[in-house]
Amino acid sequence: MAVKQEHNILVNASTEQIAEVRNFVAMHAANVGFTPEDVDDIRLAVDEAYTNVIKHAYNYDPSKKVTIKVGFNGSEFLITIADEGRSFNPDTYSEPNIRERIMLRKRGGVGVYLIHRLMDHVEYRKSGIMNEIVMSKKL
């Protein structure tokens with residue numbers, strides 16, 4: 001199904017932009033009819049994905065750019081986060097042991113896990129120098 005509504009923003013890869021990115025995505029998710037709880041889940045997934053780009057793709061270089069695109073096709077809300085940094089290889093990812101991380105009070109390392117739990121579908125794409133994480137949630 002074609003995407004009917006599409007909006008995007010271009011931001012620097014900086015933690016100072018997290019609120020803008022979260023608010024942009026949350027506003028559009030709310031506008032298409034998601035519950036406040038679903039909007040919070042979407043916001044958290046986007047927060048984790050965007051933070052991973054800042055940390056891992058761009059190694060905290062705030063001069064780098066990230067494109068955030070949202071779209072809605074009538075039944076599914078799509079979010080694409082695109083960068084030109086170091087790519088993530090989902091084939092090398094192994095799910096963390098959440099109980100162990102909590103018991104050992106380890107911080108971090110659960111972003112990808114959370115993204116996959118909060119969203120209905122997550123896909124990683126690489127095209128030339130462009131990396132994309134495409135996440136979707138059914139309305």
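Strand S1 (5-12) and strand S2 (65-72) each put at least two residues into the lining of the largest cavity. Keep in mind that this is a predicted model. Around that spot, the picture is an open sheet of 5 strands, with helix H2 (residues 36-57) packed on the sheet and two other helices, H1 and H4, packing against H2.

**The cavity**
- Searching the whole structure turns up 1 cavity of 30 Å³ or more.
- The largest cavity holds about 40 Å³ of space.
- Its lining is made of Gln5, Glu6, His7, His28, Val32, Val70, Gly71, Phe72 and Phe77.
- Sorted by class, that lining comes out as 4 nonpolar, 4 polar and 1 charged residues.

**The sheet**
- The strand order is S1-S2-S3-S5-S4, and the pairing is antiparallel.
- S1 and strand S4 (121-127) sit at the edges with a single partner strand each, so one side of each has no neighbour in the sheet.
- On average, neighbouring strands here are turned by 15 degrees against each other, ignoring direction.
- H2 packs on this sheet and touches S1, S2, strand S3 (76-83) and S5, with its direction at about 15 degrees to that of S3.
- As a bit of background, strands of a sheet pair through backbone hydrogen bonds, in either a parallel or an antiparallel way.

**The S4-S5 end**
- S4 pairs with strand S5 (residues 130-138) in the antiparallel sense, over 7 bridges.
- Glu123 stands opposite Val134 in S5.
- S4 and S5 make a hairpin with 2 residues between them, and Gly128 in the turn has a positive phi of about 65 degrees.
- H4 lies across S4 and S5, and runs at about 120 degrees to S4.

**H1 against H2**
- Helix H1 (residues 18-31) packs with H2 at an angle of about 145 degrees, and their axes are 9 Å apart.
- The crossing of H1 past H2 is right-handed.
- From H1, the contact uses Ile18, Val21, Arg22, Val25, Ala26, Ala29 and Ala30.
- H2 answers with Val39, Ile42, Arg43, Val46, Asp47, Tyr50, Thr51 and Ile54.
- In terms of class, the contact of H1 with H2 has 11 nonpolar, 1 polar and 3 charged residues.

**H2 against H4**
- The axes of H2 and helix H4 (residues 111-118) come within 9 Å and cross at roughly 150 degrees.
- H2 passes H4 in a crossing that is left-handed.
- On the H2 side, the contact is made by Asp41, Leu44, Ala45, Glu48, Ala49 and Asn52.
- On the H4 side, look for Gly111, Val112, Leu114, Ile115 and Leu118.
- This contact of H2 with H4 has 7 nonpolar, 2 polar and 2 charged residues.

How values were computed
Residues are numbered from 1 along each chain as its sequence is written. This is a predicted model: local features need pLDDT of at least 70, side-chain atom pairs count only at pLDDT 80 or more; totals for chains, interfaces and linings use all residues. Side-chain values use heavy atoms; hydrogens and water are left out. On a 1 Å grid over the protein atoms alone, a cavity is a set of points where a 1.4 Å probe fits but cannot get out, and a pocket is an open set with protein on both sides within 12 Å along at least five of seven lines; lining residues have an atom within 4 Å of a point. Grid points are joined across faces, edges and corners, and a volume is the space filled by probe spheres set on the points. Helices (H or I, at least four residues) and strands (E, at least two) are DSSP runs, numbered from the N terminus. Ala, Val, Leu, Ile, Met, Phe, Trp, Tyr, Cys and Pro count as nonpolar, Asp, Glu, Lys and Arg as charged, and the others, Gly among them, as polar. Axes are lines fitted to C-alpha atoms, for helices over the stretch in contact, and angles run from 0 to 180 degrees between N-to-C directions. A crossing is left-handed if the near helix is turned anticlockwise from the far one by less than a right angle, and right-handed if clockwise. Contact means heavy atoms within 4.5 Å. Two strands pair if DSSP finds at least two bridges between them.
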